Number of protein chains: 4
Amino acid sequence: MIGGGEGAFIGAVHRIAARMDNEIELVAGAFSSNAQKAKLSGEALGIAPERNYPDYATMITKEALLPANKRIHFVSIVTPNHVHFEPTKMALEKGFDVVLDKPMTLTLAEAKALAVIVENTQRTFCLTHTYTGYPMVKQAKQMVLNGTIGEIRKVYVEYPQGWLSTNLESTNQKQAAWRTDPTKSGIAGAMGDIGTHAFNLAEYVSNLQVTKLCADINIKVPGRLLDDDGAVLLKFNNGASGVLMATQIGAGEENNVKIRVFGTLGSVEWQQQDANTLAVRWLDAPTQIYRTGGGYNSSYASHNTRTPAGHPEGYLEAFANHYRNFALTVKAKLNNEMPLPEWLDFPGVAEGIRGMQFIERVIESGNSSTKWLDF
Amino acid sequence: MIGGGEGAFIGAVHRIAARMDNEIELVAGAFSSNAQKAKLSGEALGIAPERNYPDYATMITKEALLPANKRIHFVSIVTPNHVHFEPTKMALEKGFDVVLDKPMTLTLAEAKALAVIVENTQRTFCLTHTYTGYPMVKQAKQMVLNGTIGEIRKVYVEYPQGWLSTNLESTNQKQAAWRTDPTKSGIAGAMGDIGTHAFNLAEYVSNLQVTKLCADINIKVPGRLLDDDGAVLLKFNNGASGVLMATQIGAGEENNVKIRVFGTLGSVEWQQQDANTLAVRWLDAPTQIYRTGGGYNSSYASHNTRTPAGHPEGYLEAFANHYRNFALTVKAKLNNEMPLPEWLDFPGVAEGIRGMQFIERVIESGNSSTKWLDF
Amino acid sequence: MIGGGEGAFIGAVHRIAARMDNEIELVAGAFSSNAQKAKLSGEALGIAPERNYPDYATMITKEALLPANKRIHFVSIVTPNHVHFEPTKMALEKGFDVVLDKPMTLTLAEAKALAVIVENTQRTFCLTHTYTGYPMVKQAKQMVLNGTIGEIRKVYVEYPQGWLSTNLESTNQKQAAWRTDPTKSGIAGAMGDIGTHAFNLAEYVSNLQVTKLCADINIKVPGRLLDDDGAVLLKFNNGASGVLMATQIGAGEENNVKIRVFGTLGSVEWQQQDANTLAVRWLDAPTQIYRTGGGYNSSYASHNTRTPAGHPEGYLEAFANHYRNFALTVKAKLNNEMPLPEWLDFPGVAEGIRGMQFIERVIESGNSSTKWLDF
Amino acid sequence: MIGGGEGAFIGAVHRIAARMDNEIELVAGAFSSNAQKAKLSGEALGIAPERNYPDYATMITKEALLPANKRIHFVSIVTPNHVHFEPTKMALEKGFDVVLDKPMTLTLAEAKALAVIVENTQRTFCLTHTYTGYPMVKQAKQMVLNGTIGEIRKVYVEYPQGWLSTNLESTNQKQAAWRTDPTKSGIAGAMGDIGTHAFNLAEYVSNLQVTKLCADINIKVPGRLLDDDGAVLLKFNNGASGVLMATQIGAGEENNVKIRVFGTLGSVEWQQQDANTLAVRWLDAPTQIYRTGGGYNSSYASHNTRTPAGHPEGYLEAFANHYRNFALTVKAKLNNEMPLPEWLDFPGVAEGIRGMQFIERVIESGNSSTKWLDF
């Protein structure tokens with residue numbers, strides 16, 4: 001693991017997620033850009049001293065020198081955005097598969113460069129867009145894909161948070177600090193941090209691609225350097241239209257990500273706060289409530305479920321689904337087996353580039369007086 | 001009453017609403033533009049034959065000739081949009097107060113002309129934007145007005161319906177037919193029918209005014225002549241931003257109007273499907289659930305509540321609140337008394353003009369390649 | 001109307017309910033046992049002085065002397081329980097139909113006596129068990145009746161309230177005072193006031209009858225004279241078992257009546273706080289959400305619906321459904337027509353006697369050390 | 001680990017829960033009473049061959065012979081009820097701490113005997129009553145303990161499931177088979193399997209103890225040998241009363257465990273299907289919604305939370321909380337440190353005995369014609 005030392009949030013989530021299904025063991029790390037902190041973090045995590053590295057370059061270099069059956073199988077990179085490209089590139093080129101936290105990189109150019117490297121190295125690459133790991137999100141995607149709700153006409157996706165309602169970054173809160181710092185986060189704040197999640201969710205569930213957008217991008221908290229709020233009108237490649245809303249100044253909101261997709265025959269609705277429920281509505285029939293663990297679900301939902309219906313699975317399980325599917329895919333490739341389609345259903349390079357393109361376009365649109373921008 | 005004969009929807013709603021609080025009795029009507037149908041409808045409603053008029057002009061003229069204590073006190077106009085201006089004008093000028101179904105008129109020009117007549121005649125005028133009649137919507141407005149949730153930064157308002165997902169107008173369904181006919185509905189379809197409700201709700205609860213907008217306006221059902229879907233980015237006079245979503249092709253949605261207003265300190269959320277609940281969220285305190293009938297509510301909410309908490313009040317009661325407040329105001333004026341502020345809290349001319357301006361601007365924006373249009 | 005003067009709660013509800021559908025007009029009343037208060041209340045309601053009676057005996061006697069086309073068609077009796085039997089008896093015997101608030105009488109013996117009178121006079125009699133007036137409760141009953149969820153095995157019904165959590169009666173709150181006074185309420189407090197509602201709802205939806213019960217009956221607030229809390233184990237005539245819970249000391253609860261009926265194939269769940277929703281669950285299929293106004297509903301639900309789906313109907317509409325069905329039945333009989341089955345679906349004598357029997361048995365069981373008592 | 005081989009449900013849950021927080025590693029096991037199946041299961045789990053034991057006696061004996069730093073630190077026992085007592089006894093006596101799945105044993109006598117052994121050996125013992133591991137359940141307990149909602153008057157607890165609505169045991173479904181077999185499950189079916197969970201939850205949240213009960217215990221599915229449904233009236237040691245409902249024939253229900261505790265000042269409500277929410281209601285103030293991750297929560301809730309508010313935690317995390325607290329306690333003891341009160345908040349011997357006593361009494365009451373039985 002690269003990053004995720006003390007004070008980090010997403011690193012701990014990655015570790016729990018990776019551990020959950022007994023497919024993955026954490027054996028080496030460079031847990032901080034500060035060598036001393038890296039050391040202490042690794043010790044706290046029980047990493048053997050000789051594999052508790054002071055920096056990622058050392059880790060990748062040294063691990064690559066170990067015999068194949070002794071070295072790490074893949075690298076998880078959970079650093080701030082500005083430390084995504086280099087370690088990913090290095091890991092891929094040294095022959096390691098990679099799990100990378102979103103967004104893919106600091107810039108679209110970097111993302112495209114990484115894509116080439118993944119293509120050339122033929123490594124397995126996973127980008128942790130958490131929400132598509134939820135079984136009911138997968139169920140929604142499959143139902144849309146199968147035409148159950150007809151031709152898609154409208155997509156609403158939203159991600160309201162309230163935690164940046166005040167100038168939290170001025171208090172040295174680490175999460176707020178780097179996310180609002182253009183040198184670490186890139187050109188976007190809320191749009192990069194959660195807008196990309198909403199965007200990814202919209203394209204995943206709708207099985208469509210955005211072709212045009214028109215954005216209202218705002219900085220609501222005085223003194224902040226990056227956007228903390230935005231709304232985007234969308235056009236999709238089949239002619240559907242959509243709305244994406246993402247805000248970090250939605251006072252009182254937690255992580256209330258929600259998606260609704262409307263077709264000619266019906267619609268699907270999913271919301272993280274009731275993550276094990278998928279509402280499926282019809283033109284004139286009772287709404288159906290699909291639930292995680294229901295025997296009627298698609299193989300994509302069932303494969304990603306651990307407990308019987310009614311015992312809620314949550315965020316960590318959704319995250320773990322990506323790790324598990326990534327690990328199953330990696331193992332299959334190692335064994336020269338064909339991964340199942342359900343295993344391959346994790347976000348990768350294509351989703352990463354789409355996300356970076358979203359960031360670039362949405363910020364450009366926010367600054368533009370032209371209404372519609374091509375994606 | 002003018003309009004609301006057999007086959008109509010909103011006329012029956014108006015009658016129940018007017019009747020509910022025993023302040024108003026229906027004694028005369030011109031219930032259809034078809035004289036025969038008007039006659040039958042009036043008979044079915046138990047109207048005395050001599051006051052069951054063949055057309056509105058006759059009604060207004062004849063009623064105006066009756067002695068003051070024998071004639072109607074006010075007129076309810078529940079016709080399609082293209083028959084709003086003339087009967088309202090005539091009624092006002094003949095000395096009658098008016099309750100008018102929204103939107104105010106067919107065009108903004110008509111609305112402005114009516115405003116002048118209301119001003120000149122000093123009659124009482126109510127425009128039935130139903131949703132602001134709900135006690136918990138009034139509670140939300142008062143809490144925002146009192147600064148409870150701080151300075152407003154963001155408004156989300158949405159009104160998804162699914163009933164026009166198919167080409168219902170081609171089946172001669174009366175409600176669908178006139179609402180999708182530009183000669184009867186005006187330049188807007190969904191935006192006029194439900195977009196205006198959402199717009200009114202947003203300005204009412206936020207206590208703000210829209211100053212700019214950017215709209216995506218669509219016709220989703222082939223062959224339809226007016227918009228059946230749209231989304232609008234908003235800017236408000238205090239710098240807040242917002243999103244308005246209204247669709248009639250949201251397959252499976254009923255009348256799912258919802259509003260969220262975010263301030264610097266907290267936020268409020270109300271949704272018609274759980275109409276007696278107002279969620280109030282805070283930066284870091286438990287969410288509070290205000291409920292119709294709670295002893296802690298404002299006088300504006302309490303005044304508009306009929307039953308103890310937990311016995312749900314609904315759409316008809318919200319509608320009736322406008323009628324009751326209108327009636328209390330009219331009676332107070334008749335008695336040369338000052339109406340209470342709670343009574344005066346019903347939509348009138350100002351809201352009507354705002355709504356018509358919204359329709360004109362939102363359609364203009366939908367057709368424009370310029371991003372932001374001044375309101 | 002008898003009772004329902006100022007300070008009363010349920011009288012006003014009856015009046016709104018009666019008025020809602022334009023079938024019924026309030027023209028006479030004896031609104032209080034206090035003649036002066038009766039007079040003032042009648043004046044406030046706009047009753048003609050000559051029909052604003054000082055007491056119910058005068059009203060019934062005088063109205064009976066009027067010619068058939070001038071007198072009242074029926075009497076609504078909304079007094080406390082100890083003033084149910086006499087006015088009902090008198091009204092029936094003088095030839096008036098009766099709407100009576102629940103529970104039917106002060107004692108079971110009175111209820112049985114009234115039943116004989118109804119039978120002998122062949123008058124139409126309605127007992128206002130509100131909750132069976134909700135469209136989705138009717139839908140649930142019909143689905144159970146049609147075998148949709150199989151053979152019924154289990155019934156849970158509950159009615160928690162919190163308003164009597166303190167010794168409210170000591171503050172002269174009128175509603176609390178008579179409900180906790182054995183001379184006015186009878187032998188039961190909570191069990192009579194809301195337990196009977198829960199019991200009626202259980203038998204109505206399940207289409208079953210209770211045959212045995214075992215009750216835990218409590219007085220939780222010191223100094224109170226009647227039960228304010230209870231729970232009852234039930235056995236039904238088909239072998240199903242059930243639980244009935246009713247409390248008035250459920251601090252923070254409003255009027256949270258809820259029923260769940262489980263069959264061999266599925267189950268139905270309805271709750272007043274989400275009154276327009278009926279959840280229908282299946283052994284292994286997605287839960288279905290039936291909604292008021294849905295085109296798929298039974299004729300019993302549709303007949304009792306006034307607004308399109310999504311515009312919530314509530315408690316007053318449920319109440320009004322009983323009045324409307326009663327009025328339609330009365331009119332049909334007057335016209336020598338056969339009332340539709342949907343019209344006849346309001347609570348009457350049979351439900352009244354069952355309710356009184358429930359009160360007697362449940363209190364007896366509460367005082368007994370024997371487990372099961374025959375109903 | 002003892003038990004939990006292929007086809008088992010709860011063993012896999014235990015493994016994920018134990019693994020989640022990186023405190024515990026699975027290194028040895030006797031995964032089935034069938035030696036061949038045990039071997040295969042252990043191999044699938046990656047257990048070293050020499051520690052993949054054919055039966056629990058061998059495992060305990062051999063592990064006890066290993067040096068302290070090489071042997072297992074504790075044993076997880078996840079077998080059916082009839083294989084709880086012997087391995088637990090043996091493990092404790094050989095010096096191992098134990099995590100045991102509920103209910104504690106096959107009989108109350110066994111539970112009492114185990115309690116003596118735990119006392120004598122001074123080992124750490126955890127009984128996995130999952131639901132008290134949820135942060136919001138802990139929050140509820142603490143609020144009740146602190147008197148926030150006043151003196152407790154009423155407790156409603158319920159656990160409806162539907163999975164045994166049919167004679168599933170006749171299809172050789174392993175979970176159904178042993179749970180409905182008296183030789184493996186003991187004298188109770190539903191009451192032992194889920195009634196004990198409900199009972200434990202009620203005593204935990206209310207901070208009270210049941211002193212009397214009156215039960216209706218049923219076998220609803222023909223041919224079944226143990227109860228699949230029951231309801232119990234309860235009396236608590238402070239005079240509060242309660243109702244416990246547990247059924248496995250609630251067709252369409254998942255694992256819908258719910259608890260409501262009413263005090264003189266307010267009430268708390270928690271339901272597994274919305275596990276990160278705790279509703280706190282007041283006599284006349286808005287209901288408050290406490291949420292997992294809220295900064296306002298007690299240390300007991302916060303300590304048991306892994307993710308920020310709004311990222312749902314679920315059943316596996318609740319389960320993991322018990323494992324983590326057990327592990328922290330074991331480690332503290334190993335280090336001669338005092339465990340924090342928050343760590344000690346996991347179910348143990350006392351809860352195990354209460355649960356077994358509940359099973360014996362509730363079945364006795366079900367067969368009795370006496371109303372109240374002392375607990």
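Do the copies in chain A and chain B meet through the same surface or through different ones, and what percentage of interface residues says so? The interface residues of chain A are 100% interface residues in chain B as well, so the copies meet through the same surface. Keep in mind that this is a predicted model. The legends below go view by view.

**View 1. Chain A laid on chain B.** A turn of 180° with a shift of 0.0 Å along the axis puts chain A onto chain B, and the RMSD is 0.0 Å. That's the relation of a two-fold axis.

View 2. Domain 1 of chain A covers 10–123, while domain 2 takes in 132–309 + 350–366. Between the C-alpha centres of these two domains of chain A you get 27 Å. On the domain 1 side of chain A, 13 residues are in contact with 14 residues of domain 2 of chain A. The domain 1 side that touches domain 2 in chain A splits into 7 nonpolar, 4 polar and 2 charged residues.

**View 3. A hairpin in chain A.** Here strand 10 and strand 11 of chain A make a hairpin, with 4 residues sitting between them. Strand 10 spans residues 277–282 of chain A and strand 11 spans residues 287–291 of chain A; the two run antiparallel and are joined by 4 bridges. To find your bearings, pick out A:Leu278, whose bridge partner in strand 11 of chain A is A:Tyr290.

View 4. One of the pairs to look for is A:Thr287 with its bridge partner C:Ile289.

**View 5. Chain B against chain D.** Which strands pair between chain B and chain D? Strand 11 (residues 287–291) of chain B pairs with strand 11 (residues 287–291) of chain D, antiparallel over 3 bridges. B:Gln288 has D:Gln288 as its bridge partner in strand 11 of chain D. Zoom out to the whole contact and you'll count 10 residues from chain D and 10 residues from chain B. The chain D side that touches chain B is made of 5 nonpolar, 4 polar and 1 charged residues.

Note on methods. Residues are numbered from 1 along each chain as its sequence is written. Chains are lettered from A and ligands numbered from 1 in the order in which they are written. This is a predicted model: local features need pLDDT of at least 70, side-chain atom pairs count only at pLDDT 80 or more; totals for chains, interfaces and linings use all residues. Two residues are in contact if their C-beta atoms, placed from the backbone, lie within 7 Å. Ala, Val, Leu, Ile, Met, Phe, Trp, Tyr, Cys and Pro count as nonpolar, Asp, Glu, Lys and Arg as charged, and the others, Gly among them, as polar. Two strands pair if DSSP finds at least two bridges between them. Domain bounds come from an automatic or database domain assignment. Copies are superposed by least squares on the C-alpha atoms of residues with pLDDT of at least 70 in both.
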